[in-house]
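Hello,

Here is the structure I promised to pass on to you.

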Amino acid sequence: MYWAYVLDAFAEHSILIIALALLVLLLFSRNVTPSSDTRKPPGPWSVPVIGNIFLFGSAPHKNVTKLAEQYGRVFSMKLGSREVVILNDIDTVKEALLRNGSDFSSRPPLHSFISSSRGDRTVAWPVFGPKYFKNKRATELAMRAILDNAKHFSKIVLRETHVLIKSFLNSEESHFDPTHLLKLMVCSLQFSLFFGDKLRDACAKKAQLMMDGSTDFIENSAVGNSVDFMPWMKVVFKKQVQKLDKSVAELTDYVRKVYFMIKNDSELNTLDDSPSRRVITFNEALYKAVKDKGALNFGNEQFLEDTASADSNHFDDETLINITADCFGGGYEKLSTALRWAVAYLVSHRDVQANLRREIERVKGDSPLSLEDRNKLPLLEATVLEVLRMSSFLPFALPHCTTRDTSVAGYPLPKGTIVFVNLWACSRDPQYFDEPYKFNPYRFMDENKQNVVRSPCFLAFSAGDRKCPGEGFAKSVIFLVIGTLVQHLKLRNGTEDPIEDKFGLTVRPKPYSIHVDAVQ
Ligand code: HEM
C-alpha cells in the first residue's frame with residue numbers, strides 16, 4: 001500500500017524529483033563530511049539534503065541498533081537536514097530520562113506533531129511546560145480512576161474478549177489472520193471504557209470503520225516520518241500529507257461529536273450526579289480529575305507559579321476533547337499492535353501457552369478472570385511483560401527534545417537537540433537480559449517461578465516525565481485478554497513460518513495466520 005502511494009506521488013512530481021536528485025549528487029560530490037567536532041557524539045558520514053536517512057532502510061530499529069555497535073551507545077545521525085542524537089542502552093537512557101529528566105522532556109517541532117498538536121491541548125505532543133504538565137497529570141489521574149473500578153473494567157474487557165472468542169471459533173476459514181478481529185475488539189472495548197455503553201450501538205461502529213481505515217493508511221505510509229525530517233518532501237507527498245492530517249482531524253471531530261452527545265444529554269451526562277459515585281468511563285474520570293486542583297498540581301512544583309497564571313479556563317471543552325482523542329487514538333493503535341504480538345508469541349510458543357493454561361485452570365478453573373487475580377497468576381503477568389519487552393513496537397518511543405543546554409554520557413547537547421531513545425535496543429541489552437532475542441516469560445519470575453520479579457530495566461513504556469500514561473490500562477487489558485483467550489482456546493500457527501516484523505508507525509508482526517480449537 002505504501003509503495004502505491006509513493007509511486008503515485010513520484011509519477012506526479014517526476015521533474016521535481018529528478019532536479020532534487022541532481023542537486024543531491026552535486027552537493028554530495030563537494031560536500032560529504034564526517035563529523036569533525038570531537039565533542040559531538042560520533043556518527044556516520046552524511047549527505048546534504050537527505051542526511052543519513054538511507055541508513056534507516058526498511059527496518060530502522062534493527063539498522064540503528066547495528067550502527068550503535070559501530071559508533072557507540074550514543075551517536076548522532078542526520079535525518080534530512082536535522083541532526084538527531086540516538087541513545088542506545090539502558091544506562092544512558094536512564095541518565096537522560098530519569099536523572100536529568102526535565103532536560104530531555106520536550107517534543108521537537110516536527111510536522112506530524114504540529115499537525116496533531118492542536119495547540120497545547122493534547123498530551124503526547126506539547127512542548128514541556130505548565131500546560132503539558134497539567135494535561136499529563138489529568139490524564140494519569142483519569143487512567144487511575146477507571147482502573148480503580150477494577151470490577152467494571154474487567155467486566156467490559158471480558159465481555160469483548162468473549163465476542164472475540166466467538167468470532168475466532170465462527171471464522172469461515174480454518175486458518176485466518178486474527179488482526180482485523182483483534183482491532184475490532186480493541187475499538188469496542190475502548191469505546192465502552194472511554195464513553196460508556198449507552199452510545200455503543202449508535203457510535204462504536206463508526207469508530208471501528210474510521211480507526212481501521214486511518215491507521216492502515218498511517219501505519220503503511222511512513223510519509224509522516226519522511227516529511228518530519230525533510231520538510232521539502234511536503235511538496236512531493238502533498239496528497240499523502242493531507243490525508244494524514246485529515247485522519248487526525250477526523251478522529252478529533254469524532255471524539256468531539258461523542259463528547260457533546262454525552263454533555264448535552266441529561267440522561268447520558270452523569271457527571272454531576274453524585275461526587276461519590278464511582279466513575280466508569282475515561283470521559284467522566286477526566287472531567288472529575290480536572291476539577292481536583294490539589295491532585296492536579298501534585299508533583300508539579302517546578303511549574304506551580306506558571307500553572308497558576310495559566311489556570312484560568314485551561315481545561316475547556318476543546319482541551320478535554322483533544323486529550324481524549326490522543327488517548328483513544330494512541331491507545332487503539334498500541335493495544336491492537338500489542339495483542340497482535342501477544343497472539344503471535346502464543347502460537348509460536350505453545351509450551352508457554354500450555355503452562356499458562358495449566359496455571360489458569362489451577363487458580364480459576366472456568367471462572368472469569370479479574371484484575372484482582374494478578375498476584376495469583378504470575379506466569380500470565382510475566383507473559384504480558386515479555387510480550388511488551390520482545391515486541392518493543394514503539395522502538396524509538398516518541399521523539400524527545402532537550403529543554404536547555406545539557407549533556408549525556410559526557411557529550412554536550414545544546415537546547416533544542418532532537419533525541420531518540422532506542423527502546424528496541426534497550427529491551428535487548430545483553431548486559432541486563434540473558435538471551436535477549438529469546439521469548440522467555442520466566443525471565444520476569446523468581447527462581448521458584450512463584451512470583452513476578454519487576455525489572456528496573458523494563459522500558460517498553462519509556463521512562464521519566466514523558467513515560468506512557470496508559471501503562472496500567474494497557475497491561476490490564478493485555479492480562480485479561482490473553483488470559484481469557486488461553487483459558488477458552490487452544491491457539492496454533494496457521495503456517496510454520498517464523499513470525500517476522502515490519503516497520504511502520506509501530507513495529508508490527510507481518511501478516512500471519514492462526515487456527516483455534518475450543519478448550520474442552
Ligand atoms: C499497549 C501498550 C503501550 C505501549 C508499549 C506504549 C508505549 C508508549 C511509549 C514508548 C510512549 C512514548 C514515551 C516517550 O516519548 O518517552 C508512549 C506515550 C504515550 N502513550 Fe503509550 N503505550 C501503550 C499504550 C497506551 C495506551 C493504552 C494509552 C492510552 C489509553 C497510551 C497513551 C499514551 C500517551 C497519551 C502518550 C504520550 C505521553 C507524553 O507525551 O507525555 N499508551 N506510550
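**The loop between α19 and β3**

Ala397 sits in the loop between α19 and β3. Helices here are DSSP runs of H or I with at least four residues, strands are runs of E with at least two, and both are numbered from the N terminus. Please keep in mind that this is a predicted model, in which local features need pLDDT of at least 70, side-chain atom pairs count only at pLDDT 80 or more, and totals for chains, interfaces and linings use all residues. Residues are numbered from 1 along each chain as its sequence is written.

The phi of Ala397 is near 50°, a positive value in a residue other than glycine. Ala397 counts as buried because it has 25 C-beta neighbours inside 10 Å (buried means 20 or more other C-beta atoms within 10 Å of the residue's own, exposed 12 or fewer, partly exposed in between, with C-beta atoms placed from the backbone). Ser392 is found in the loop between α19 (378-391) and β3 (400-401). Its phi is near 30°, again positive in a residue other than glycine, and Ser392 is buried, with 23 other C-beta atoms within 10 Å.

**The ligand shell**

Which residues come nearest to the ligand? Of the 24 around it, they are Gly331, Ser462, Cys468, Gly470 and Ala474, where "near" means a C-beta atom, placed from the backbone, within 6 Å of the molecule. α17 (317-348) and α21 (471-488) each supply at least two residues of this shell, and α17 gives the most, with seven. By class, the shell divides into 16 nonpolar, four polar and four charged residues (Ala, Val, Leu, Ile, Met, Phe, Trp, Tyr, Cys and Pro count as nonpolar, Asp, Glu, Lys and Arg as charged, and the others, Gly among them, as polar).

**α17 and its partner α14**

α17 also packs with α14 (residues 282-289), at an angle of about 135° and with the axes 11 Å apart; axes are lines fitted to C-alpha atoms over the stretch in contact, and angles run from 0 to 180 degrees between N-to-C directions. The contact is made by Phe282, Asn283, Leu286 and Tyr287 of α14 and Leu320, Ile323, Thr324 and Cys327 of α17 (contact means C-beta atoms, placed from the backbone, within 7 Å). These comprise six nonpolar, two polar and no charged residues.

**The chain overall**

The chain has 21 helices and 10 strands, and buried residues make up 44% of its 520 residues.

Best wishes

Definitions and conventions. Contact = placed C-beta atoms within 7 Å.
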